[in-house]
Amino acid sequence: MMPSSQRQFIKNTGINVLLIVAGSVLFALSFPNLFFPKGLPIFAWVAYVPVFFVISRVSIGASVFWGALYGYAAYGLFNYWLSVFHPLAGLIVGIIYLTYFAILFPFLKLAEKLFSQKHYLIQWLIWLAYEYLRTKGFLGYAYGITGYSQWEMIPLIQIASLFGVWAVSALVLFPSVYIARLLSFKRDNPDRSYVLFIKQERLSLLIWIIALSASLIYGFNSQISYQDAPVARIALVQHNSDPWRGGLAAYRQNFNTLKRLSLEAVNQEKKPDLVVWSETAFVPRIYWHKTYRDDPDSYELVKDLLDFLTTQDIPYVIGNDDARKELTDEGIWDRVDYNAVLLFEKGEEKQIYRKMHLVPFTEHFPYKTQLPFVYDALRNADTHFWKKGTEATVFETKGIKFSTPICFEDTFGYLSRRFVANGAELIINLTNDAWSKSLPAQMQHATMAVFRAVENRRSVVRATASGQTCAIDPNGRIIAMAKEFTETQLTVEVPLLTTRTWYTKYGDVLAQLFVLLSVLSIFIGTIRLTIRACHRTIQKE
């Protein structure tokens, strides 16, 4: 017969597995997914209850395993489409989040050891600090930040104009830590009621209720009226093709589609002020082939593009691989590629922006010397590396001042804030998500752009290869959306504003405060616990 201790271990393990699965599913369903294309934002308010409850059930040592399991499961479900992006992408992201949560869970458990009854507040701070920190550095990745799940809750997300998405995350996360602590309190004190815990912890609950109420009041009253603002009319071209696939014949076919859709837009009775093509929509390197003519077929296609643009009275914004001869790290002059946006007027290149925040591993890997085997594996998997741009360009044409975060860049608040601080009155995102062949992937990306609009009170328009091509007003409402996976153009009118928000001025100060308070809490808790241990030792002696 199986020993009772072994039966109990199996039972506890089974319960923990079920809780981890439940937490992973709730997390994935909170965001756009296969079953609910817009996501179920209500789930985010309780998505982490199973996670924090598991932490209350395990030791610090065991929390490493359960954190790793949650990280891999949650992001495997949420970002299932990454494996389509690149053979290594799904595996790499899975390993990264397995590692992140294997580190995070012990700190969450340590908070429980250090602060006893009030530990849930420290866990809340630590989780929020983690959400901010994981957007920084080479591995920076913003998908899955809790606040992004609330993109349709327009009154709630207006606080992003003050503190960014982090304030929304703070409000949404609190119920999970509170309820999980309530459940663990009842488990540890079966003779006491839930009401007793609520009475004991009423202050934190009251502060959260006040903060949520104040945020909603602010949200209903702070939305911008832009009826009298100047308007820009933008034609967004969606050619419904992954531009990098198929070789030169496909590139020419894409160009013909882009030209046809553009002419459809500019031939409207009310003409656009600007025509926008998506990220690297035109693949042959315009500057390189025009200058060096080392490939006659590519040069011919570039010439056809420039001849077409010469006939156009309307400026064109085009995504392209901008290749230049530069001195490389090896000390030789060679071709260097940038993921770029170019502004053309009558066939003349007027301004350029080069992508500054590149996708880790698949667009950029700065550790060639330190990790040559990883670099070689990425190269062998047909990875196309770019060089980082350095200038937060503000384009200006026809009186419109705009900046163009490229694809992944619109998922980071700091970048759009930098563009607006430099004078941008409109944010134009150029994206290629066609590779994913996934509506949830495209929707997850688009919903983060909503926050860039609210944070800076700027209109945001997105020209994508296959979706979600859309326009977002300065209050975060999606006011126009092209049908996904179709060849089409979407012409939109959006207001141009010059107002500066608190977030534009001060950025991620709230998130940085979460980091500071988390570090101080752990430090103070550790010192206090050490002093108590020393005091007990002295008493025994």
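Predicted model: local features only at pLDDT ≥ 70, side-chain atom pairs only at ≥ 80, totals over all residues.
Tutor: Residues are numbered from 1 along each chain as its sequence is written, and side-chain values use heavy atoms, without hydrogens and water.

Student: Why is Ser-116 called exposed?

Tutor: Its relative accessible area is 52%. Exposed means over 50%, buried under 20%, and partly exposed in between, with a 1.4 Å probe and protein chains only. So Ser-116 counts as exposed. Ser-116 sits in the loop between helix H6 (89-115) and helix H7 (119-133).

Student: What makes the phi of Ser-116 worth a note?

Tutor: Phi is near 50 degrees, a positive value in a residue other than glycine. Most residues other than glycine have a negative phi.

Student: Why is Lys-437 called exposed?

Tutor: Lys-437 has a relative accessible area of 63%. Exposed means over 50%, so Lys-437 is exposed. Its phi is also positive, near 50 degrees. Lys-437 lies in the loop between strand S8 (426-431) and helix H18 (439-456).

Student: How do you know that the bond between Gly-467 and Gln-468 is cis?

Tutor: Omega is about 0 degrees there. Most peptide bonds are trans. Gln-468 is in the loop between strand S9 (459-464) and strand S10 (470-472).

Student: Why is Leu-517 called partly exposed?

Tutor: Leu-517 has 34% relative accessibility. Leu-517 is in helix H20 (residues 509-540); helices are DSSP runs of H or I with at least four residues, strands are runs of E with at least two, and both are numbered from the N terminus.

Student: What makes up the nonpolar patch that includes Leu-517?

Tutor: Leu-513, Leu-516, Leu-517, Leu-520, Phe-523, Ile-524, Ile-527 and Ile-531 form it, with about 730 Å² of accessible area together. Nonpolar side chains are joined within 5 Å, like charges within 9 Å.

Terms used:
Patch = residues over 30% accessible without salt bridge, like charges linked within 9 Å, V, L, I, M, F, W, Y side chains within 5 Å. Areas by Shrake-Rupley, 256 points an atom, 1.4 Å probe, with all protein chains shown as cover. Salt bridge = Lys/Arg side-chain N within 4 Å of Asp/Glu carboxyl O.
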